[in-house]
Amino acid sequence: ESTQVECELVDIHGNPLWFLSTFSVKRKNDSGKVISITGASQNVTERVMNQVATAKAKDEAEKANKAKSEFLSRMSHELRTPMNAILGFTQLLELDTQNPLADYQRENIGRVSSAGKYLLKLINEVLDISRIESGNIDLSVERVDIVNILNEVISISKPLADEQNISLEYQKIPDGSIFANVDPLRFKQVVLNLISNAIKYNDPNGSVIISYEKQGGNTMRIGIRDTGHGIAEDKKDKLFKPFERFDIDSEQIEGTGIGLTIAQKLIELMEGSIGYESVAGEGSFFYVDVLASDNNSLSTLTEKQLCSSKPSFRKSNIKKILYIDDNLSNLELVEQILNTRQDLEFLSALNAFDGIELAKSQNPELILMDIHMPGMNGLQAFSKLKMAKETKGIPVIALTADAMDGDIRKALDMGFKSYITKPLNIPDFFDEISKVLAA
């Protein structure tokens with residue numbers, strides 16, 4: 001018979017020691033009497049200490065990741081809340097046709113809006129790189145028409161190109177649709193970054209050419225070629241490193257230096273790759289390889305068809321919308337936004353308790369709900385609404401500064417009809433309300 005025992009001892013200095021001891025017992029077959037016992041011990045202190053250190057390091061890393069996630073969530077909320085007021089009220093001033101601004105006022109508001117959008121872009125980039133590094137970013141990969149995304153990105157990028165007299169064009173206009181397996185929002189973010197860079201780092205009167213090319217192994221390549229001054233050989237190893245801005249014009253060009261880092265990591269998470277070719281003085285060619293989807297001959301909806309398919313309201317059918325938020329500025333902003341529509345009636349409550357009672361008595365067609373509120377948060381309030389017979393059928397949209405993927409998924413899994421993150425984009429806000437009310 002043999003057995004192993006791991007023993008913990010201490011040396012003369014009080015330091016722990018671990019030994020793995022093996023004992024063998026020899027017996028007589030008939031009587032079972034023990035004839036001899038032999039044993040050997042092995043010092044396994046180093047192995048055990050390594051195991052303890054590894055377990056401790058893993059535990060500390062998990063705690064650090066959790067702390068980082070909580071910090072990012074708080075920072076996202078705290079930064080987006082004031083941006084909601086800045087960009088929201090700015091949009092209202094720009095859209096107010098009843099009280100038009102003087103030309104100089106419109107120019108000033110335009111500057112505020114431009115600076116606010118740029119600040120939001122920086123906030124999003126810093127949060128994105130932090131989420132990616134901590135492994136707290138989730139993607140929703142699906143079959144997507146990338147031609148539609150490219151057309152949208154080109155439309156967004158055209159004003160920037162026009163400012164610098166840069167032409168945007170296809171090398172070959174694709175027929176119909178080209179489908180790929182990507183996260184549509186993140187893929188759009190990547191392509192927008194590449195085209196924006198191709199414009200910003202281009203030469204005056206230059207061009208940016210977008211191309212599509214089928215690669216081997218069911219891969220589709222989207223290329224962006226510019227006519228800028230290219231990348232020097234000794235700078236190429238810094239290209240995808242965060243916060244590196246080495247271009248000769250980088251001091252005059254806005255940016256954090258992390259856009260390409262984020263783009264690379266996002267594409268890799270979509271099981272694709274990003275690369276480039278560049279010769280100093282001859283421009284650069286950046287490309288993204290993604291997994292193509294089958295049936296790429298399917299037709300795509302035109303912009304006119306998309307617009308005509310959007311739900312609309314009838315003026316004779318006024319809809320009550322209840323907004324529950326503890327932030328008075330947010331309530332005032334949404335009230336002014338909804339009051340621009342004659343077919344919507346605005347109701348509000350500064351806390352979840354009053355909001356639930358108001359929903360029971362007024363029976364609104366839609367509830368907009370903040371998530372972070374004192375006393376009872378938005379998720380708890382949602383559960384209360386779904387348990388009450390008067391309110392269980394009312395659709396609820398989360399309207400919050402919580403922009404982390406986990407927060408969004410949790411709310412949608414609970415049954416929220418939609419999830420809108422602050423700061424608000426007014427046209428998109430109305431589109432989302434229309435969709436939910438028309439469902």
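Me: What is pLDDT, and what does the protein chain average?
Reply: pLDDT is the predictor's confidence in each residue, from 0 to 100. The protein chain averages 82, and 85% of the residues score at least 70. This is a predicted model, where local features need pLDDT of at least 70, side-chain atom pairs count only at pLDDT 80 or more, and totals for chains, interfaces and linings use all residues. Residues are numbered from 1 along each chain as its sequence is written, and side-chain values use heavy atoms, with hydrogens and water left out.

Me: Where is confidence lowest?
Reply: In helix α6 (residues 303–308), at a mean of 30. Strand β13 (residues 366–369) has the highest, at 96. Helices (H or I, at least four residues) and strands (E, at least two) are DSSP runs, numbered from the N terminus.

Me: Which residues have pLDDT below 50?
Reply: Residues 296–316 do. Where pLDDT is low, the predicted coordinates should not be read in detail.

Me: Switching to K422. Buried or exposed?
Reply: Buried, with a relative accessible area of 2%. Buried means under 20%, exposed over 50%, partly exposed in between (1.4 Å probe, protein chains only). K422 is in the loop between β15 (418–421) and α11 (426–438).

Me: What does K422 touch?
Reply: Leaving out residues up to four places away in sequence, K422 touches R80, N84, Y323, D325, N330, D370, L399, T400 and A401. Contact means heavy atoms within 4.5 Å.

Me: How many aromatic pairs are there?
Reply: Five in the whole structure. Rings of Phe, Tyr and Trp (its six-membered ring) pair if their centres lie within 6.5 Å; planes under 30 degrees apart count as stacked, over 60 as edge-to-face and the rest as tilted. One of the pairs is Y170 with Y212, tilted, at 5.7 Å centre to centre and 35° between the planes. Y170 is in strand β5 (residues 167–170) and Y212 in strand β7 (residues 207–215), 42 residues apart.

Me: Why is the pair of F285 and Y287 called tilted?
Reply: Because their planes are at 35°, with ring centres 5.9 Å apart. F285 and Y287 are both buried.

Me: What sits over the ring of Y287?
Reply: The charged end of R221, 3.8 Å from the ring centre. That label needs NZ of Lys or CZ of Arg within 6 Å of the ring centre and within 35 degrees of the ring normal. Elsewhere, R341 lies over the face of F430, at 4.9 Å from the ring centre.
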